[in-house]
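Trainee: I would like to go through this structure one piece at a time. Please show me the sequence and the model.

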Amino acid sequence: PMSDLHSRLAANLSAVQARVVVACARAQRDPATVKLVAVVKYAEWDWVKALIDLGVRDLAEARPQQLVERSALLDQEVPHAGVRWHLIGHLQRNKVRPVLPLAHLIHSLDSLRLAERISQIAGELTVRPHVLLEVNVSGETSKDGFTPEQLRRDWSAISSLPHLHVAGLMTMAPEGDDPSDARPTFAGLRDLRDHLAS
């Protein structure tokens, strides 16, 4: 029943929010500065609507086509929900046009050619998309993204594109049981950010 689903999702959401508060206290950071994005790429549609009922407004899809379809469905069924869609998966250059008007943030810009295509289409649509540059800090062959060296080389070209707002960098650490194993990857991303900012 829907009420069971709603209560399970509410409990899970509360648990995640509590973990964010604890992590922020440990990092001496204000929890209000953390944005929780619900990845709904495998979620059934009822689950997505229940999350919205619970106040979740940032939803992420991995596939551009799914984002386009679900955005349209949401506009039909829950107009004025105020949802911000995030694209977290790979974006091919031929899929840019339908995604740009819908995506609040593209988390996976992984090449200069894609950046140029997004800026070109954004100019035509008179939008200025916010993007994260995906960096493969760990060097895993299974991961997409700029190498740190590529991004250093391409940074001036990317940062001069007129219809693109680079909101930050993104990386994914290797999977593992020990959270401390991820620290070098994120430290490397921070160092790259500081280098690019200077």
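Trainee: Which elements are included in what covers the buried residues of α6?

Mentor: First, some ground rules: this is a predicted model, where local features need pLDDT of at least 70, side-chain atom pairs count only at pLDDT 80 or more, and totals for chains, interfaces and linings use all residues. Residues are numbered from 1 along each chain as its sequence is written, and side-chain values use heavy atoms, with hydrogens and water left out. Helices (H or I, at least four residues) and strands (E, at least two) are DSSP runs numbered from the N terminus, and contact means heavy atoms within 4.5 Å. The cover of the buried residues of α6 includes α5 (112-125), β5 (130-134), β6 (165-170) and α7 (183-197).

Trainee: Which residues of α6 are buried, and why are they on the same side?

Mentor: Buried means under 20% relative accessible area, exposed over 50%, and partly exposed in between (1.4 Å probe, protein chains only). The buried ones in α6 are P148, L151, D154 and I158. They lie on the same side of α6 because they cover an arc of only 125° around the axis, taken from the directions from the helix axis to the C-beta atoms.

Trainee: Which residues are exposed on the other side of α6?

Mentor: The helix α6 runs over residues 148-159. Its exposed residues on the other side are E149, R153 and S156.

Trainee: What does α5 reach from its first C-alpha to its last?

Mentor: The expected span of a helix is 1.5 Å times one less than its number of residues. With 14 residues, α5 has an expected span of 20 Å, and its reach is close to that, at 20 Å.

Trainee: What covers the buried residues of α5?

Mentor: In α5, L114, A115, I118, S119, I121 and A122 are buried. Their cover includes α4 (96-99), β4 (103-109) and α6.

Trainee: Which residues have the most contacts inside the largest nonpolar core?

Mentor: A nonpolar core is a set of buried Ala, Val, Leu, Ile, Met, Phe, Trp, Tyr and Cys residues joined through side-chain atoms within 4.5 Å. The largest one has 42 residues, and those with the most contacts inside it are L59, I106, L109 and I118.

Trainee: How many helices and strands are in the protein chain?

Mentor: From the N terminus on, the elements run α-β-α-β-α-β-α-β-α-β-α-β-α. That order holds seven helices and six strands.
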